[in-house]
Amino acid sequence: MPAHLEIIGARKAFRTPEGGTMTALDGISLKLASAEFLTLLGPSGCGKTTLLRTISGFETLDDGDIVIDGVAVTQMPAHKRPVNTVFQRYALFNHMSVARNVGYALEIAGKSKREITARVGEMLELVGLSGMGKRSVSQLSGGQQQRVALARALAGKPKLLLLDEPLSALDKNLRQKMQQELKSIQRELGIGFVFVTHDQEEALTMSDRIAVLAHGRIQQIDAPSVLYQRPANLFTADFLGESNLLPVTLDGMSAHLADGQSFEVARPSGKATLLLRPEALAVTPPAGPSLSFSGRITQTYYSGKDHQIALDTGQLGPLTALIRTGGTPPEIGATVTLHAPAHGLHLIDETAA
Amino acid sequence: MSLARRKFLQLLGLLGGPTLFLLVFFFGPLLIMVVYSFLTPGLYGGVDWIFSHLNYGRILGWADTRYEKFDPVFLSIFGRSLRLAALTVITSLLISYPAAFWISRMTPGRRDFAIFLVTLPFFVSLIVRLFAWVLILRPTGFLNQGLMGVGLTAQPIEFLYTDFAVILGMTYVFIPFMFLPLYGSIEKLDIAQIEASADLGATRFQTFRKVVLPATMPGIIGGAIITFIPALGNFIVPSVLGGAKVLMIGNLIEQQFLSARNWPFGSALAMLVMTAVLVLLVVQLRLARHGEH
Ligand SMILES: Nc1ncnc2c1ncn2[C@@H]1O[C@H](COP(=O)(O)OP(=O)(O)OP(=O)(O)O)[C@@H](O)[C@H]1O
Ligand SMILES: [Mg+2]
């Protein structure tokens, strides 16, 4: 499948007021298939907004290229690019009605009144605001404004939609509802979405692929399950979800933990890090070879389904585990032994940046 | 004492002072002017208490034919005043709008300093500032010497005592009145809205026309009105920079009260200005109410 959006070696540095430079994008390359939902995920200040703004044309690249459907748009001004944006704080035109906001792109394109009215009606229905066209945007709730912003960005039939933390201002319930709606709208329209968030749960549930960014670089770009189960480096492993990272030494046949336990793995000798997700640990030992960890419970959190416990194993340091205990909560100070199956374990190479 | 009565007295205590103040110092003089404009001038100044509509007749076309034929000069001076005040509003707007935009984008420290500079002329005597313009504009002034120096003109150009000089002077005096409300509405404008407009395909000009201009319209209208009103009645600028050639209605009123000592006629002229201002305010209210829907 030809790439719908392609970013090639994008670089961007800002001049700071103190006179230095701040590298916001440090050589970013990625490809987006058509109708793909890609999420940019990363800590604050890692360059997500900057990357989005270079795609929409509000920032110019110092180096690199942006290609949309085979056309290089790197030098094209924002108003000519076939992409639209849902802004973080919506940026609705508050002197216009809902309908005029939604129809703005068509009004600018010089479409006929009839065509605009029809399309606006269609868009309002898509986002569940039918009949609200005459309202002023200041009379809407935050969630409704969010929908207007979405309808406005979609009305002009962009090839690509950019969304900069569009849900961050909504409360949790509404956010989950909007996540599902956004996803189904994206499937229905079949256009590419580039979505920015720093909520990892949001990223994991919505995306076809996630690009994890840090310090202006892509750390890893993969499907959510791959990213979670097989992170390519320590940053991704640590950033995404809870993780226990244990150093191991490899001798070519097996890997050895610091406490002497080992498991078979075919890798060249050297050092590596073992990733153990908290949910991989269980109280009952699995069938087949396993690793086990004994320790004293130092902390417990109850999440509704599971107990998250912090375990002090002594030699291996602290571990976090998610365990399901039927009713009786684990007690702080008690000693437990937890087990993890010794196959399918994920190792991160020391050299992976 | 009943609650309602106590509430009433409390309200009276609160509002009584300001109301009395307004009655005595604002509506009082105004009422005197209205009454005087319908009286006959006294022989040596003051008024005779005889009803007359001829003060208005002299302005609007039914002069007392025993003494004079109707002279449209007053209406034409009034017309000129409206024109000069309107042109002052337009030039102030054309200067203030980009300036306000530019200043609103500055870093906070510079911004405060720039706004301070805009209001700085308030601290210098008006007369001093206007005579400085006389020195600049007169035939042997800096402007003409400069123009002749670079060879743009052989003869000095008449700048002083022209419409140009009066508009220039009034723009100079009233520009802060235009700038401040305009700045208020421009500063509130969300940059993200401008970006959103470009994102949806609008050129810079379309964005200006459809987003920036409507969003800042309250500032434009507010600034235009509070510039227009004092410009219309102003008599200091035209008397310094316009001389006898560019009289405005303010000069005329001043003359009637201070030199001609025809108070009723002066009052009638003043009522003309008042009426224009009232009409303007009513139109603005209508527009504002229309804008809400
Ligand atoms: N206009 C600018 N001038 C100077 N520096 C900037 C500018 N815009 C962004 N930066 C810097 O570039 C870096 C990346 O910023 P960016 O806004 O892309 O981060 P982000 O990933 O969107 O963060 P957040 O999650 O907090 O929104 C930051 O260090 C920021 O300070
Ligand atoms: Mg951001």
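Helices (H or I, at least four residues) and strands (E, at least two) are DSSP runs, numbered from the N terminus. Keep that in mind as you click through this predicted model, where local features need pLDDT of at least 70, side-chain atom pairs count only at pLDDT 80 or more, and totals for chains, interfaces and linings use all residues. Residues are numbered from 1 along each chain as its sequence is written, chains are lettered from A and ligands numbered from 1 in the order in which they are written, and side-chain values use heavy atoms, with hydrogens and water left out.

**Stop 1: a leucine in chain B**

Select B:L130. It lies in helix α5 of chain B, residues 126–137. Is B:L130 buried or exposed? B:L130 is buried, with a relative accessible area of 0%. Buried means under 20% relative accessible area, exposed over 50%, and partly exposed in between (1.4 Å probe, protein chains only).

Now show what surrounds B:L130. Setting aside residues up to four places away in sequence, B:L130 touches B:V173, B:I236, B:V237, B:V240 and B:L241. Contact means heavy atoms within 4.5 Å. Next, draw a distance from B:L130 to B:R66. These residues are 64 apart along the chain, and their C-alpha atoms are separated by 42 Å.

**Stop 2: all of chain B**

Zoom out to chain B. Count 12 helices and two strands. Trace the chain from the N terminus: the elements run α-β-β-α-α-α-α-α-α-α-α-α-α-α. The radius of gyration of chain B is 24 Å, well over the 19 Å that the globule rule gives for 293 residues, so chain B is more spread out than a compact globule. That radius is taken over C-alpha atoms, and the globule rule is 2.2 Å times the number of residues to the power 0.38.

Of the 293 residues in chain B, 38% are buried. Chain B exposes about 17000 Å², and carbon and sulfur atoms supply 72% of it. Accessible areas come from the Shrake-Rupley method with a 1.4 Å probe; for residues, only the protein chains shown count as cover.

**Stop 3: all of chain A**

Switch to chain A. Here you will find nine helices and 19 strands. The C-alpha atoms of chain A fill a box of roughly 75 × 50 × 45 Å along the principal axes. Buried residues make up 47% of its 353 residues. The accessible surface of chain A comes to about 16800 Å², with 51% belonging to carbon and sulfur atoms.

**Stop 4: ligand 1**

Select ligand 1 and show the residues near it. Near means that one of a residue's heavy atoms lies within 4 Å. Which residues surround ligand 1? They are A:F14, A:M22, A:A24, A:S44, A:G45, A:C46, A:G47, A:K48, A:T49, A:T50, A:E165 and A:H198. This shell divides into four nonpolar, six polar and two charged residues. Ala, Val, Leu, Ile, Met, Phe, Trp, Tyr, Cys and Pro count as nonpolar, Asp, Glu, Lys and Arg as charged, and the others, Gly among them, as polar.

Colour by element. β2 (21–33) and α1 (48–56) of chain A each supply at least two residues of the shell. The largest share, three residues, comes from α1(A).

Now go to the oxygen atoms of ligand 1. A polar side-chain atom of A:S44 lies 2.4 Å from one oxygen atom of ligand 1. A backbone N or O atom of A:G45 lies 2.8 Å from an oxygen atom of the ligand. For A:C46, a backbone N or O atom lies 3.2 Å from a ligand oxygen atom. Taken alone, ligand 1 exposes 630 Å², and the protein buries 65% of that.

**Stop 5**

Select A:E59, in the loop between α1 and β4 (63–68). At 17% relative accessibility, A:E59 counts as buried. Beyond residues up to four places away in sequence, A:E59 touches A:K12, A:F14, A:R53 and A:T54.

Move to A:P158, in the loop between α5 (142–155) and β7 (160–164) of chain A. A:P158 is buried at 8% relative accessible area. Where does the chain come back to meet A:P158? A:P158 and A:V83 are 75 residues apart in sequence and 5.1 Å apart in space, C-alpha to C-alpha. Among the residues A:P158 touches are A:P82, A:V83 and A:I191.

Finish at A:T273, in strand β14 (residues 270–276). A:T273 is buried, with a relative accessible area of 9%. Its contacts include A:L234, A:P247, A:H346 and A:E350.

Technical notes
A polar contact is a pair of N or O atoms within 3.5 Å; within protein, one must be able to donate a hydrogen and the other to accept it, and residues adjacent in sequence count only if both atoms are side-chain atoms.
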